[in-house]
Amino acid sequence: MTDLVIRKLPWTFDDTVPFQWQPANPMFGIFGNLFTFFAVPFEQYIINALRDAKDRVTDPKVAEEMEAFVRQEGQHSWAHRKHMNTLIKQYPGLKETQREVTDLFDSLLASRSTEFHVSYVANIEATFTPLFKVFLDHRDSIFGGGDPRIASLILWHFVEEIEHRSSGLIICDHLTRHRWSRSRYTFATAKHVMSVVEAIAHGFDRHVPATDRGGLSAHRTMTSGVVVTELKRRLRLRFVGPSRKVLPPSMFHDVPSRELVAMILRLIMSQAPYHNPADQPLPQWAAVWMAEYERGVDMTTFFDAPAKAAAPPDRD
């Protein structure tokens, strides 16, 4: 029997939600909005692909896992759609970006096999545990100072991705011929993901004024900018010293380099044929979030208390 919990939280957003909702870490503010525009069509792609594959599932336990997984992803899509619609209302041109990204996923669904779809889902889901562990372990420097409504939305989504970290692999293993099936689609998955990221980022740059983006280019920030900015600032600090200019923080400015290296290695290994998300180190705060939810705390605003509630994160 699956242990996934379907949490229906009363998310509400209005026109007071700014596009640059995280002025203390503006690169992550852009990332959070991109995550919303990616999540809505991606979650719908998961639901549609697994619905089409449902009749091929012969193991009742896998069928139950699939059902719970789809229901959780449905909640994510519904919640992020509320955030996305709020941004579209403020910047109507983003409707075009939404359609473009939806078309990218619809075309993928129509043109590829079930084996590809379940591998695509498993490949992306496998990256979430190492990536979101860093975000949750360092939530103060990444989320702190941001709009608590959007921060809480993303924290909830990250925690539930950690919770169902093995679901995609369970389904993929059941519906594909062997472990190598998933890995052979790694590059095709990455290529499609990057096409979606670029479409969203270009849309932000086209339809949202630079001042509302915090002066950042969404495309540069969300592609090469993430890596280049981190490397330049870390190398400069190590070999030259602090810059005299006052620069906005990089997204992972408070994350030790060794943790970023460990994250990158785990992201690479997540695509290996015998990788198992169940064996990965987890962020301790995910358990704190779940415990607070069970206590009846309003998780739509559970943002400014996390550091006080959580135990110190694991160190790699």
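Modeller: Helix 4 bends by about 30° at Thr129, and Pro130, a proline, follows within four residues. The bend is the angle between axes fitted to the seven residues ending at a residue and the seven starting there. Helices are DSSP runs (H or I, at least four residues), numbered from the N terminus. This is a predicted model, where local features need pLDDT of at least 70, side-chain atom pairs count only at pLDDT 80 or more, and totals for chains, interfaces and linings use all residues. Residues are numbered from 1 along each chain as its sequence is written, and side-chain values use heavy atoms, leaving out hydrogens and water.

Biologist: How do I describe two packed helices?

Modeller: Use the angle between their axes and the distance between the axes. Axes are lines fitted to C-alpha atoms, for helices over the stretch in contact, with angles from 0 to 180 degrees between N-to-C directions. Here the axes of helix 1 (residues 26-53) and helix 4 (residues 114-137) come within 11 Å and cross at roughly 145°. The residues of this contact (heavy atoms within 4.5 Å) include Phe35 and Phe42 of helix 1 and Val121 and Phe132 of helix 4.

Biologist: Which residues does Ile162 contact beyond its neighbours within four places in sequence?

Modeller: Ile162, in helix 6 (residues 148-163), touches Phe128, Thr129 and Phe132, among others. Ile162 is buried, with a relative accessible area of 3%.

Technical notes: Helices (H or I, at least four residues) and strands (E, at least two) are DSSP runs, numbered from the N terminus. Buried means under 20% relative accessible area, exposed over 50%, partly exposed in between (1.4 Å probe, protein chains only).
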